[in-house]
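Dear colleague,

Here is the structure I said I would pass on. My notes on it follow below.

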Amino acid sequence: MESVIVELNLLKLMQKRIVLTGSTLRARDREFKQVLRDDIWSQVWPKLSAGDFKPTLYRVLPFAEAAEAHRLMEDSSLLGKIVLSF
């Protein structure tokens, strides 16, 4: 796998109080991955299936308006998710 190098404006991240996290399970052993899978099946999927977890939608836009969706995200004043529909 090839490394990816990016430039990141940390000041802008901090001003918007964005939390950046990263994770990879590649280095974890099989047992850890199985426990994680089992926890997701027992604790996360039932909440999703029951409708107990509903993301807040800010706006649904047609795919043709993807540029507007990006403008809205860059504004950072919105609360919720922006969905592009096809």
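The count of salt bridges comes to 3. Please keep in mind that this is a predicted model.

Arg59 and Glu68 form one of the salt bridges, with their closest N and O atoms 4.0 Å apart. Glu68 also pairs with Arg71, where the closest N and O atoms are 2.9 Å apart. Arg71 and Glu68 are 3 residues apart in helix H3 (residues 66-75), so about one helical turn separates them. Through shared partners, salt bridges join Arg59, Glu68 and Arg71 into one network. Arg59 is partly exposed at 36% relative accessibility, as are Glu68 at 23% and Arg71 at 44%.

Another salt bridge links the side chains of Arg37 and Asp38, at 3.0 Å from N to O. Relative accessibility is 43% for Arg37, which therefore counts as partly exposed; Asp38, at 40%, is partly exposed too.

Now to helix H2. Its 21 residues (30-50) should span 30 Å at 1.5 Å a residue, and the end C-alpha atoms are 29 Å apart, which agrees. H2 does have a kink of about 35°, centred on Trp41. At the N-terminal end, Asp29 caps the helix, with a side-chain oxygen 3.2 Å from the backbone nitrogen of Glu31. Just after H2, Gly51 has a positive phi of about 80°.

Last, the surface. A nonpolar patch of about 820 Å² is made by Leu25, Phe32, Leu36, Ile40, Trp41, Val44, Trp45, Leu48 and Phe53. Of these, Val44 lies in H2 and is partly exposed, with a relative accessible area of 39%.

Regards

Terms used
Residues are numbered from 1 along each chain as its sequence is written. This is a predicted model: local features need pLDDT of at least 70, side-chain atom pairs count only at pLDDT 80 or more; totals for chains, interfaces and linings use all residues. Side-chain values use heavy atoms; hydrogens and water are left out. Helices (H or I, at least four residues) and strands (E, at least two) are DSSP runs, numbered from the N terminus. The expected span of a helix is 1.5 Å times one less than its number of residues. The bend at a residue is the angle between axes fitted to the seven residues ending there and the seven starting there. A polar contact is a pair of N or O atoms within 3.5 Å; within protein, one must be able to donate a hydrogen and the other to accept it, and residues adjacent in sequence count only if both atoms are side-chain atoms. Patches are made of residues with over 30% relative accessible area and no salt bridge: like charges are joined within 9 Å, nonpolar side chains (Val, Leu, Ile, Met, Phe, Trp, Tyr) within 5 Å. Accessible areas come from the Shrake-Rupley method with a 1.4 Å probe; for residues, only the protein chains shown count as cover. Buried means under 20% relative accessible area, exposed over 50%, partly exposed in between (1.4 Å probe, protein chains only).
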